[in-house]
Amino acid sequence: WYLSQSHRAVDLLARNNPKAAAELFESLASKDLGNPDLERRVELTLARLAYESGNFRKALGYYENIRGADPMLRATIMLERSWCYYRLGDPSRALGLIAMLESPSFKDVMDTERDLLRALIYRDLCHFDAAQLAVTSFRTRFGTTIEALRNRNDMSTSSTFRALTHRLPKISERFALVQNMQSESKRVSDM
């Protein structure tokens with residue numbers, strides 16, 4: 001039932017009714033849903049709705065409620081929290097979270113926003129050399145991939161592009177499904 005209510009709330013968002021969706025998500029967040037993944041998705045959606053409405057402190061509260069996330073989701077939460085702190089005018093906390101994203105725990109996490117946010121913060125603080133270094137870091141990590149996209153190259157061989165697309169949940173879920181199907185197909189053909 002809770003899952004269907006979650007789908008209903010997402011449908012309300014798709015129909016451009018964020019207030020009703022937020023109310024439904026709030027209702028779900030106040031219950032023990034018995035499904036940690038659903039609970040995380042509800043809190044994450046509430047955090048994003050609060051951010052979009054400009055209520056950055058409320059968004060931070062929702063982010064704090066998210067428990068038991070895998071490294072990819074934790075990295076996403078940290079980045080989104082850093083955006084909240086940036087919008088609240090707290091560049092130290094924003095940069096602290098960005099620095100945490102560079103720890104060994106997140107070495108496999110690829111994101112394009114980290115350098116962008118760092119550049120914006122340094123620019124706002126008038127640290128133009130540091131801002132330029134952030135831009136250079138971005139270009140070093142993603143420049144070849146961006147150029148390949150512009151040239152409409154075959155991206156199936158790009159490890160950077162593959163890592164970035166696998167951050168998207170539906171793509172990674174479908175990729176896992178395709179890998180399972182290929183594995184099952186091989187087992188069946190070996191029989």
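Helices H6 and H7 cross with a left-handed sense in this predicted model. H6 covers residues 91–100 and H7 covers residues 113–124; their axes lie 10 Å apart and meet at an angle of about 155°. That angle is over 145°, the cut-off for the term, so H6 runs roughly antiparallel to H7. On the H6 side, the contact is formed by Pro91, Ala94, Leu95 and Ile98, while H7 brings in Arg114, Leu117, Arg118, Ile121 and Tyr122. Sorted by class, the contact of H6 with H7 holds 7 nonpolar residues, 2 charged ones and no polar ones.

Now let us turn to the aromatic rings. The whole structure has 2 aromatic pairs. For Trp83 and Tyr86, the ring centres are 5.9 Å apart and the planes stand at 85°, which makes the pair edge-to-face. Both residues belong to helix H5 (residues 71–87), and because they are 3 residues apart there, about one helical turn separates them. Trp83 and Tyr86 are both buried.

Another buried residue is worth a visit: Val42, in helix H3 (residues 36–52), has a relative accessible area of 1%, so Val42 counts as buried. Val42 and Leu24 lie 18 residues apart in sequence, and their C-alpha atoms are 9.7 Å apart in space.

Here are the distances side by side:

| Items | What is compared | Distance |
|---|---|---|
| H6 and H7 | helix axes | 10 Å |
| Trp83 and Tyr86 | ring centres | 5.9 Å |
| Val42 and Leu24 | C-alpha to C-alpha | 9.7 Å |

Technical notes
Residues are numbered from 1 along each chain as its sequence is written. This is a predicted model: local features need pLDDT of at least 70, side-chain atom pairs count only at pLDDT 80 or more; totals for chains, interfaces and linings use all residues. Side-chain values use heavy atoms; hydrogens and water are left out. Rings of Phe, Tyr and Trp (its six-membered ring) pair if their centres lie within 6.5 Å; planes under 30 degrees apart count as stacked, over 60 as edge-to-face and the rest as tilted. Helices (H or I, at least four residues) and strands (E, at least two) are DSSP runs, numbered from the N terminus. Buried means under 20% relative accessible area, exposed over 50%, partly exposed in between (1.4 Å probe, protein chains only). Axes are lines fitted to C-alpha atoms, for helices over the stretch in contact, and angles run from 0 to 180 degrees between N-to-C directions. Angles under 35 degrees count as roughly parallel, over 145 as roughly antiparallel, 65 to 115 as roughly perpendicular and the rest as oblique. A crossing is left-handed if the near helix is turned anticlockwise from the far one by less than a right angle, and right-handed if clockwise. Contact means heavy atoms within 4.5 Å. Ala, Val, Leu, Ile, Met, Phe, Trp, Tyr, Cys and Pro count as nonpolar, Asp, Glu, Lys and Arg as charged, and the others, Gly among them, as polar.
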